[in-house]
Amino acid sequence: MYSNPLTPSVTLVASAKQAAKEQVFDTKAIQKLDSAHYLHPFTDFKDLNQKGARVMVRGDGIYIWDSEGKKILDGMSGLWCVNVGYGRTSISEAVYKQMETLPFYNSFFNTTNVPAVQLAAKLVEISPAQFNHVFFTGSGSEGNDTNLRMVRRYWDLLGYEKRHTIISRHNAYHGSTVAGASLGGMGGMHAQGGLPIPGIEHIGQPNYFEDGRGMTEDEFGLKAASWLEEKILEVGVEKVAAFIGEPIQGAGGVIIPPATYWPEIQRICDKYGILLIADEVICGFGRLGTWFGSELMGIKPDLITFAKGVTSGYIPLGGVLVGDRVANVLIEKGGDFNHGFTYSGHPVACAGALENIRILEQEKLVEKVANETGPYLKQQFATLASHPLVGFANSVGLVAGLNLVKTKAANIHECELFDASANVGMICRGHMFNNGMIMRAVGDRMIIAPPLCMTKIEIDEMVGLIRRCLDATLDDLKKKELV
Ligand SMILES: *Cc1c(COP(=O)(O)O)cnc(C)c1O
């Protein structure tokens, strides 16, 4: 008979961590194998093969280490996801125990599993009042595919078979599956593979720095929201199913909308009875100092996409919070919803998520972002605006961005920008990377989304590091005669 004592896991985890610290890596050999066999996401394969990938080997708190032993401050929480920071033994243990108990079972054939049930109940507890149901997926992209099919099914069940069009925004990111990439507004993605699919429309984004010239922020917020109403009327109300948007656009460059924007979007959705989908894959789980970004924006979405922070990236999981308006129709009208994934409600991923949420609650990380670290980052990050390269800097909670400009101006719309072909953002990113700081470049906007466990002292360290890297970038640009 097979019996496995669950207690040795602590030792097991501790020894794995110790071994990783002591291990010596042959970086060149790993890079060679990497180039030979591993096609990376969103990557120019040929270019990477020439340079060789940086090999990350371990993490602890807000830091990661590469195979050469170099310590790096991870200002991006991996990819917007490691909210509780690296090295959380209790998550490894929760996952280990679940793997030992029941590593997998599906939820297709009138079966369920305990972690999935517990997690669904927990998500209902921490989410806004209109949410009482959850649909699980393996990722954020699959969550948005689910949204597309679910809102169309909703309108079909109500007898409005024409209401299938979903309106989204240019420069939105909603994932990389066919529906996700179509809903998203990334030109580079639409240029490949014949996207977007039919039934999806895009309007402009609420990007005050780029498009708000001649208006106050509040005026521009209303203007940008009015594009939704124009599009609804152009498509025809009888054809519009839903509007989808990230409370704050992440991959698009941390675009923080004016305060007037989201309430006006909500008003327009209500006026025409269309569903509102908040893609909270980044904004969920404390990033903005609220459990969900919609709460901060004062909106009441019908559906919320989640992923990333739900497990702090320790294990893949995503899904959709389904509000009562949609859930009640799907449930009461009956009939199969012909959609789902092998790993919907995966017990191991759900066990990891439960422990991750327990940490967020126990350490009051969401409240800390709202009351301590978020306001402190805002204050410190704003000091970077005095740097000669920075034309505009802003933040909310623990997400922030700054625009690199050639010449500064008191009115942000009068800054002189760099030529896009100079790739100044990428040059800056290089200096960050080489000096132990991960800050991402979206065009010439440099962005961060650090782990929510970051302390004020670590914020000082990070902002100091960013300032030094901006200095190094400026020196380099002078040498290259770009400034
Ligand atoms: C990352 C992201 C997604 C896609 O999630 P995956 O898990 O990569 O599929 C969707 N929406 C937003 C807002 C994201 O940031």
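A polar contact is a pair of N or O atoms within 3.5 Å; within protein, one atom must be able to donate a hydrogen and the other to accept it, and residues adjacent in sequence count only if both atoms are side-chain atoms. The model is predicted, so local features need pLDDT of at least 70 and side-chain atom pairs count only at pLDDT 80 or more, whereas totals for chains, interfaces and linings use all residues. Residues are numbered from 1 along each chain as its sequence is written, and side-chain values use heavy atoms, with hydrogens and water left out.

At the ligand, a polar side-chain atom of D279 lies 2.7 Å from a ligand nitrogen atom.

The domain assignment, which is automatic or from a database, gives domain 1 (54-84 + 365-479) and domain 2 (91-362). Their contact (heavy atoms within 4.5 Å) takes 33 residues from domain 1 and 30 residues from domain 2. About 2600 Å² is buried between the two domains, 67% of it from carbon and sulfur atoms; buried area is the accessible area (1.4 Å probe) lost by two parts on being put together, summed over both. W80, V366 and H413 supply 28% of the area that domain 1 buries against domain 2, more than any other three residues. Between the domains, 13 residue pairs are in polar contact, both residues at pLDDT 80 or more.
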